[in-house]
Amino acid sequence: MAQPQGVPDRQYLLRVFQSVDKDRSGHISSVELASALSNGTWQPFNPETVRLMIGMFDRNSSGQIDFDEFAALWKYVTDWQGCFRSFDRDGSGNIDRNELRNALTTFGYRLSEPFIGILMRRFDRSGKGVILFDDFIQCCVVLHTLTSAFRQHDTDMDGVITIQYEQFLTMVLSLKL
């Protein structure tokens, strides 16, 4: 059976995994994974994004990922790369404020301009008014995770919840962010 175009075969992924697994433990740590990822700027991949992704794919909560978890993560990053490129309209290799607004609107979020500004400040590590690939992933994952937690309390789906302060703290601090 032919491999679908754009999907690396298992042997290729195994070679990548083994080259990243510097200590030959059969698992990849966040430090090892960061060395294998590129955000397109020759800068290290955002360590917070790496930690977040390891947490998403680490099924046994060891803080590391095995080969199968790595393969799933690789597909996830590749899918995000395609998504990122589709919203990077000017091909600059980063997402500006308008491109971020467009992406989030496409994802179904209806956010105010002041809140878009908050996201830009929070996820623009370069301080240049743009969001790089790794920070875009983190922004979207954080927004999705917070939205999912909010929706658990928004039973009538009106965008309004009433919770006590400690419930709010529990909700936010229980999240893997």
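Student: Where is Ser61 found in the chain?
Tutor: This is a predicted model, in which local features need pLDDT of at least 70 and side-chain atom pairs count only at pLDDT 80 or more, while totals for chains, interfaces and linings use all residues. Residues are numbered from 1 along each chain as its sequence is written, and side-chain values use heavy atoms, with hydrogens and water left out. If helices (H or I, at least four residues) and strands (E, at least two) are taken as DSSP runs numbered from the N terminus, Ser61 is found in the loop between helix 3 and helix 4.

Student: Is Ser61 buried or exposed?
Tutor: Buried means under 20% relative accessible area, exposed over 50%, and partly exposed in between, with a 1.4 Å probe and protein chains only. Ser61, a residue other than glycine, has a positive phi near 55 degrees. Its relative accessibility is 57%, so Ser61 counts as exposed.

Student: What is the relative accessible area of Arg24?
Tutor: Arg24 also is not a glycine, and has a positive phi of about 55 degrees. Its place is in the loop between helix 1 (10-20) and helix 2 (30-36). Arg24 is exposed, and its relative accessible area is 60%.

Student: How many aromatic pairs does the count come to?
Tutor: Rings of Phe, Tyr and Trp (its six-membered ring) pair if their centres lie within 6.5 Å, with planes under 30 degrees apart counted as stacked, over 60 as edge-to-face and the rest as tilted. By this rule the number of aromatic pairs is 12.

Student: Which type of pair do the rings of Tyr76 and Trp80 form?
Tutor: The ring centres of Tyr76 and Trp80 are 6.2 Å apart and their planes lie at 80 degrees, so the pair is edge-to-face. The two residues are 4 apart in helix 4 (residues 67-87), so about one helical turn separates them. Tyr76 is buried at 19% relative accessibility, as is Trp80 at 14%. The type of the Tyr76 and Trp80 pair is thus edge-to-face.

Student: How many residues apart are Phe84 and Phe136?
Tutor: The rings of Phe84 and Phe136 have centres 5.5 Å apart and planes at 65 degrees, so this pair is edge-to-face. Phe84 lies in helix 4 and Phe136 in helix 7 (residues 133-153), so that the pair links distant parts of the chain. Both Phe84 and Phe136 are buried.

Student: How many disulfides does the count come to?
Tutor: A disulfide is a covalent bond between the sulfur atoms of two cysteines. Here it is taken as a pair of cysteine sulfur atoms within 2.5 Å. By this rule the number of disulfides is 0.

Student: Which cysteine sulfur is the nearest to that of Cys83?
Tutor: Cys83 is in no disulfide, and the nearest cysteine sulfur, 6.4 Å away, is that of Cys140. Cys83 counts as buried, at 16% relative accessibility. The nearest cysteine sulfur to Cys83 therefore belongs to Cys140.

Student: At what angle do helix 3 and helix 7 pack?
Tutor: Axes are lines fitted to C-alpha atoms, for helices over the stretch in contact, and angles run from 0 to 180 degrees between N-to-C directions. The axes of helix 3 (residues 47-57) and helix 7 are 9 Å apart. The angle at which these two helices pack is about 50 degrees.
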